[in-house]
Amino acid sequence: MQIEPICFRGRRFWILRDDLIGGEFNGNKARKLAYFLNSNLANRIISYGSSQSNAMYSISVLAKLRGIKFIYFTHHICDFLLNNPCGNYAAALKNGMDIRISKNPLKSAQNECKSRDIFIPEGVAMSEAEMGFQDQARIIVDFAKKNDIKFDIFLPSGTGCSAAFLAKNLSDMSVWTTPCVGDSHYLKKQILALDPLSKVNIINPPRKYHFGKLYSEIYEIYKELLYSCGVEFELLYDGVGWLTLMANLNAFKNDILYIHQGGMLGNITLLERYKRKFNI
Ligand SMILES: *Cc1c(COP(=O)(O)O)cnc(C)c1O
């Protein structure tokens, strides 16, 4: 079952379990990269971004599956990670990623890219990503029809690519999101760049959360969801996502469908940091 109900704090939520998409790929990165799994691929893949990113790891899986080289530019790799490779970073290295340090990762990636290479922007926010969300939208529409449910859909955003392309492929369900990286103006700009007519609704988190920083209430809601519903969510995006959703329940008129976008490998490094910071 791809969509399942959970009961959290006495209320029913539906969860689309994209974290369980099979194989090494999962979550929204699997949706975003679906196009490249079946397309005529170039020589090498060139990308850039953070050294702990789920997109980086997912591209390394794609490159391995397709048997091509993957070069990734990043600004820095922290000492902890260099000395204790783990999570997305360790897994991407194991898949053969060639990681390079640059003061300007975007520029270095662009310069590295030759005509037969493929350039994947940070977070895979690009038009080719839409294909996977057409499938995702179909799964949601089929389930809603079969069970006679109307959903309000919620998912937390980084680039906004997942929210934009899901909403673009749904006609009569509303899609809601919240910014986890940057503010709502930045997110709106990103979404409109991918779909100028986008109807995605943006709500703000209950307070300002800096991306990648640790917050006790994020760990608390992560643990509460894990123990009371038996579902592990991701700490960076879903932590802010659930806090925002629970603070805005009045905004939703229909059954809420929360998209679980995977990214569990990233939790390994984050849980380490939470343990060290809060002594848990
Ligand atoms: C990448 C990622 C996001 C952000 O997706 P966007 O399409 O960039 O908004 C959200 N949640 C998880 C778990 C992710 O890995």
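This note walks through a predicted protein model, from its overall build to a few single residues.

1. **Basis.** The model is predicted: local features need pLDDT of at least 70, side-chain atom pairs count only at pLDDT 80 or more, and totals for chains, interfaces and linings use all residues. Residues are numbered from 1 along each chain as its sequence is written, and side-chain values use heavy atoms, with hydrogens and water left out.

2. **Overall build.** The protein has eleven helices and ten strands. Helices (H or I, at least four residues) and strands (E, at least two) are DSSP runs, numbered from the N terminus. The radius of gyration is 18 Å, close to the 19 Å that the globule rule gives for 280 residues, so the protein is as compact as a globular protein of that length. That radius is taken over C-alpha atoms, and the globule rule is 2.2 Å times the number of residues to the power 0.38. The C-alpha trace spans about 50 × 45 × 35 Å along its principal axes.

3. Of the 280 residues, 54% are buried. Buried means under 20% relative accessible area, exposed over 50%, and partly exposed in between (1.4 Å probe, protein chains only). Contact means heavy atoms within 4.5 Å. Take the contacts between residues at least 6 apart in sequence: 74% of them join residues at least 24 apart.

4. **Surface and charge.** The accessible surface comes to about 13,200 Å², and carbon and sulfur atoms hold 50% of that area. Accessible areas come from the Shrake-Rupley method with a 1.4 Å probe; for residues, only the protein chains shown count as cover. The protein carries 34 positive and 26 negative charges, whose mean positions are 4 Å apart. Lys and Arg count as positive and Asp and Glu as negative, while His and the chain ends are not counted. Each charge is placed at NZ of Lys, CZ of Arg, CG of Asp or CD of Glu.

5. **Two domains.** The domain assignment gives domain 1 (3-25 + 128-278) and domain 2 (28-127). These bounds come from an automatic or database domain assignment. The C-alpha centres of domain 1 and domain 2 lie 23 Å apart. Across the boundary, 25 residues of domain 1 are in contact with 30 residues of domain 2.

6. **Helix α4.** This helix covers residues 87-94, and its buried residues are G87, N88, Y89, A91 and A92. They pack against α2 (54-66), α3 (79-83), β5 (98-101) and α11 (265-278). Just after α4, G96 takes a positive phi of about 95 degrees.

7. **L270 in α11.** L270 sits in helix α11. L270 is buried, at 7% relative accessible area. Beyond its neighbours within four places in sequence, L270 is in contact with L214, L235 and L236. L81 is 189 residues away from L270 in sequence, yet the two C-alpha atoms are 11 Å apart.

8. **L243 in α10.** Helix α10 (residues 237-247) holds L243. With a relative accessible area of 15%, L243 is buried. Not counting residues up to four places away in sequence, L243 touches P206, Y209, E217, I218 and I221. P206 is 37 residues from L243 along the chain, and their C-alpha atoms are separated by 7.3 Å.

9. **T178 in β8.** Strand β8 (residues 174-179) contains T178. T178 is buried, with a relative accessible area of 0%. Leaving aside neighbours within four places in sequence, its contacts include F154, L187, I203, V240 and T244.

10. **D18 in a loop.** D18 lies between β2 (11-17) and α1 (27-38), in the loop. At 2% relative accessibility, D18 is buried. Apart from neighbours within four places in sequence, D18 is in contact with N26, G27, R31, Q136, I259 and H260. G263 is 245 residues from D18 along the chain, with 9.8 Å between their C-alpha atoms.

11. V124 has phi near 55 degrees, although V124 is not a glycine. V124 is in the loop between β6 (118-120) and α6 (130-147). N279 also has a positive phi, of about 60 degrees, and is not a glycine. N279 is in the segment after α11. Which of these is buried and which exposed? V124 is buried at 0% relative accessibility, whereas N279 is exposed at 73%.
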